[in-house]
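Q: Hi, could you walk me through this one? I'd like to ask about a few residues and then the overall layout.
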Amino acid sequence: GKYVGCYAPIGYLKSPEDKHVLVIDPATAPIVRRIFDLRCQGCSYRKIATTLNTEQVPTPSSFYYLRQGKPNIRKEGGYWQAQTVKAILQNEVYIGHMVQNKTGNVSYKVHKQVDKPESEWIRVENTHKPLISQETWDLVRELDVRKAKFRSSKTGETALFTGILFCMDCKSPMRHYRDGRKRKDG
């Protein structure tokens, strides 16, 4: 249940007394709470990232370099990405749990990283103070499941056979696809 990562996730700092313990960071914790609040209001990952970029909120890597007092030599991390927001919203560290052993090597000879099944994960609950409540976490999980089931078009309409047609082989839902290209002859 001890934190063994190199960098603390955004919203937390490593404790000065014990580097394996996470403590809430007063500077970045409001950003994480805001991300969860925006998601609870129904905003998509991309909309949350766009909102943070519009408000010029520094990214996690920018906060790291600001704390170090060094310039960002990689020149990355200038903008929030939907994938970064998604990773924050799916990280159980924000409800006070430590989840480890999510990935591993194929073998001791092959060093390729692969995702492990959830049954092999090591989950230790209540290892540090949570940033968000369990109710908020459950609401975000429910929204993710609900949005994954019924995707809508840009106009907000769901396809006619949404939730009805499924692939016979893999059982995944069939998706409506409209091609926006036109031939030269119209």
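Q: Is H97 buried or exposed?
A: H97 counts as buried, at 9% relative accessibility. Buried means under 20% relative accessible area, exposed over 50%, and partly exposed in between, with a 1.4 Å probe and protein chains only. Before we go on, this is a predicted model: local features need pLDDT of at least 70, side-chain atom pairs count only at pLDDT 80 or more, and totals for chains, interfaces and linings use all residues. Residues are numbered from 1 along each chain as its sequence is written, and side-chain values use heavy atoms, with hydrogens and water left out.

Q: Thanks! Where does H97 lie, and what does H97 touch?
A: H97 lies in the loop between α4 and β3. Helices (H or I, at least four residues) and strands (E, at least two) are DSSP runs, numbered from the N terminus. Leaving out residues up to four places away in sequence, H97 touches E92, V124, E125, N126, T127, H128 and Q134; contact means heavy atoms within 4.5 Å.

Q: Which backbone nitrogen lies 3.2 Å from a polar atom of the H97 side chain?
A: The backbone nitrogen of N126. For a polar contact, the pair of N or O atoms must be within 3.5 Å; within protein, one must be able to donate a hydrogen and the other to accept it, and residues adjacent in sequence count only if both atoms are side-chain atoms.

Q: And what about the phi of N126?
A: Phi of N126 is near 55°, a positive value in a residue other than glycine. N126 sits in the loop between β6 (122–124) and α5 (134–149), and N126 is exposed, with a relative accessible area of 62%.

Q: Which asparagine has a positive phi of about 65°?
A: That is N101, which is not a glycine either. N101 is in the loop between β3 (98–100) and β4 (103–105) and is partly exposed, at 30% relative accessible area.

Q: Changing topic: how many helices and strands are in the chain?
A: The chain has 5 helices and 6 strands. Along the sequence, the pattern reads β-β-α-α-α-α-β-β-β-β-α. The chain has 186 residues, of which 26% count as buried.

Q: Which residues have the most contacts inside the largest nonpolar core?
A: I35, F36, W80 and Y94, in a core of 29 residues. A nonpolar core is a set of buried Ala, Val, Leu, Ile, Met, Phe, Trp, Tyr and Cys residues joined through side-chain atoms within 4.5 Å. Two or more residues come from each of α1 (29–40), α2 (45–54), α4 (82–89) and α5, and α1 gives the largest share, 6 residues.

Q: What is W80 in contact with?
A: Leaving aside neighbours within four places in sequence, the contacts of W80 include I10, I31, I35, A49, L52, V85 and I88.

Q: Is Y79 buried or exposed?
A: Y79 counts as exposed, at 62% relative accessibility. Y79 has its place in the loop between α3 (60–68) and α4.

Q: Last one: how do α1 and α4 pack?
A: At an angle of about 95°, with their axes 10 Å apart. Axes are lines fitted to C-alpha atoms, for helices over the stretch in contact, and angles run from 0 to 180 degrees between N-to-C directions. That makes α1 roughly perpendicular to α4; angles of 65 to 115 degrees count as roughly perpendicular, under 35 as roughly parallel, over 145 as roughly antiparallel and the rest as oblique.

Q: Which residues meet there?
A: V32, I35, F36 and R39 in α1 meet V85, I88 and L89 in α4.
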